[in-house]
Amino acid sequence: MHDIEFIKKELDEQGVVVIPSFFDPALIQKLQAAAKQIFQIQFDHFGIQGDYLSQMVQLFENHIDEFINCGKLIQTGLVELYQIAVHPDLIQLMHEIGMQVPNMCTRPVLFFNHPSLAKSEHFYKTPLHQDWVSMLSSSDSVVVWIPLMDVEVAHGPVVFYPGSHKLGPLTDKIDNGFAEVPFDRNSYPRLQPELKAGDIAVFSTLLVHESGVITNNEIRWSCHFRYTNMLDPDFIDRGFPHPYIHKPSQELIDKFLKKK
């Protein structure tokens, strides 16, 4: 059992709480294995050999389109990812922290971060930002961050700045997909928890946070889900704004279907 009053108090005062052993580690490991298998299909197709990181690097460097497509597919349709996003225990937690009608306001996201698997830094290391600006969700909306492996500081897990959620929105701009914020790191405490597979971190969408620095040579696998409260009065008054746009790529359709 989890101390729900403690969880609610931490979310209110600190804007972030780590809940150990929330999920069975085997369930999380199953998700990571399923995500890896999508890439493995392309490794086998191209005859790519080596350890998993070297295979990923080879696919990224030599078959970038297939690499990107694998990344897209594990986020848009990986069954194991959605099973965790709507897991009864997680939805129950949303209810217990005060969300009368929790709703996923963005698609689930699954990350596989490493400097050798990105064309620029923001693809593997997120800057100081707030999630709420890109969501325009309820005032009590939260992010649930879940590592798919045991993560130590060397893996560069999320760095949180407890209490910063009380500042409200700090920007109205999105750059490279992130609402980067002007923020003095020395003005708030710094929290970079080391989590085990099965642990989760729940934090306010207004909390300032960033990726840590990857100092080992391992891919950091993680996922996160965003939940909004459909009965939040302010969210209702704003008409349920939803800034995300999902649409098919005509360029990609033309590539495969357009007659030459």
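Which residues of α4 are buried? They are Phe-67, Cys-70, Gly-71 and Ile-74, where buried means under 20% relative accessible area with a 1.4 Å probe, protein chains only.

## Ground rules

This is a predicted model, where local features need pLDDT of at least 70, side-chain atom pairs count only at pLDDT 80 or more, and totals for chains, interfaces and linings use all residues. Residues are numbered from 1 along each chain as its sequence is written, and side-chain values use heavy atoms, with hydrogens and water left out.

## Helix α4

Helix α4 covers residues 64-76, 13 residues in all. From first C-alpha to last it reaches 18 Å, close to the 18 Å expected at 1.5 Å a residue (1.5 Å times one less than the number of residues). Helices here are DSSP runs of H or I, at least four residues, and strands are E runs of at least two.

Look down the axis of α4 and its buried residues fall within an arc of 95 degrees, so they line one face of the helix. The arc uses the directions from the helix axis to the C-beta atoms. These buried residues pack against α2, α3 (52-62), α5 and β3 (109-113), with contact meaning heavy atoms within 4.5 Å.

## Helix α1

Over in α1 (residues 4-13), the buried residues are Ile-4, Ile-7, Glu-10 and Leu-11. Seen down the axis of α1, they fall within an arc of 125 degrees, so they line one face of the helix. On the other side of α1, Glu-5 and Asp-12 are exposed (over 50% relative accessible area). As for neighbours, the buried residues of α1 pack against β1 (16-19), α6 (88-96) and β8 (200-204).
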